[in-house]
Structures are given as C-alpha cells and as structure tokens.
Amino acid sequence: MMKREEILALCASTPEVIAYIISLESQIKELTERIEALKSRLNQNSRNSSRPPSTDYFVKEKPNPKSLRKP
C-alpha cells in the first residue's frame with residue numbers, strides 16, 4: 001500500500017486531486033470516530049450505565065438468581 005506522501009507526490013501537478021485526497025482523509029477520520037462512539041454506546045447495558053434493565057435488548061448473560069433456594 002502506498003504511503004500518503006507517495007500519493008501526494010504523484011498528484012503534485014493537480015491541486016484539485018490533493019484537496020480531494022485531504023478531504024477524503026478527514027472524512028475517513030470522522031467516520032472512524034463515529035463508529036467507535038457507536039460501538040461504545042452499543043456495548044452499554046444496565047450494568048455499566050444508568051439505563052434501566054428494561055432497555056437491555058440483547059442481553060448475552062443471564063442475571064444472577066435472587067435466591068439460591070430451590071422452588
């Protein structure tokens with residue numbers, strides 16, 4: 001894969017291409033940050049946030065039983 005400097009050197013004669021590449025880089029950075037923020041929101045549940053248990057849609061583990069007595 002080519003490095004950023006190599007790409008910009010190849011496109012040095014066309015400033016529009018350089019501006020386009022820079023805008024794409026900033027867009028990629030922004031979208032990557034947004035994905036990370038959405039992943040962190042998705043990983044929250046009632047145990048690690050202030051949300052009520054009724055909002056846990058995809059619970060991977062069962063909660064601990066309230067009583068160890070057998071019915």
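Lys and Arg are counted here as positive and Asp and Glu as negative, while His and the chain ends are not counted. The place of a charge is taken as NZ of Lys, CZ of Arg, CG of Asp or CD of Glu. On this basis the protein chain carries 13 positive and 9 negative side chains, and the centres of the two sets are 20 Å apart. The model is a predicted one, in which local features need pLDDT of at least 70 and side-chain atom pairs count only at pLDDT 80 or more, whereas totals for chains, interfaces and linings use all residues. Residues are numbered from 1 along each chain as its sequence is written, and side-chain values use heavy atoms, with hydrogens and water left out.

The protein chain contains two helices and zero strands; helices (H or I, at least four residues) and strands (E, at least two) are DSSP runs, numbered from the N terminus. The radius of gyration of the protein chain is 24 Å, well over the 11 Å given by the globule rule for 71 residues, so the chain is more spread out than a compact globule. This radius is taken over C-alpha atoms, and the globule rule is 2.2 Å times the number of residues to the power 0.38. Along the principal axes, the C-alpha atoms fill a box of roughly 80 × 25 × 15 Å.

Of the 71 residues in the protein chain, 4% are buried. Buried means under 20% relative accessible area, exposed means over 50%, and partly exposed lies in between (1.4 Å probe, protein chains only). The protein chain exposes about 7200 Å², and carbon and sulfur atoms supply 59% of this area. Accessible areas come from the Shrake-Rupley method with a 1.4 Å probe; for residues, only the protein chains shown count as cover.

Helix H1 spans residues 4-10 and includes Leu10, which is exposed at a relative accessible area of 64%. Met2, Ile7 and Leu10 make a nonpolar surface patch of about 280 Å². Patches are made of residues with over 30% relative accessible area and no salt bridge, with like charges joined within 9 Å and nonpolar side chains (Val, Leu, Ile, Met, Phe, Trp, Tyr) within 5 Å.

A salt bridge is a side-chain nitrogen of Lys or Arg within 4 Å of a carboxyl oxygen of Asp or Glu. One salt bridge is counted by this rule, and the side chains of Arg4 and Glu25 form a salt bridge at 2.8 Å, N to O. Arg4 lies in helix H1 and Glu25 in helix H2, so the pair ties together parts 21 residues apart in sequence. Arg4 is partly exposed at 40% relative accessibility, as is Glu25 at 30%.

Helix H2 covers residues 15-42 and contains Tyr20, which is exposed at 53% relative accessibility. The C-alpha atoms of Tyr20 and Pro71 are separated by 68 Å. Ile35 is also in helix H2 and is partly exposed at 46%. Ile35 and Asp56 are 21 Å apart in space, C-alpha to C-alpha.
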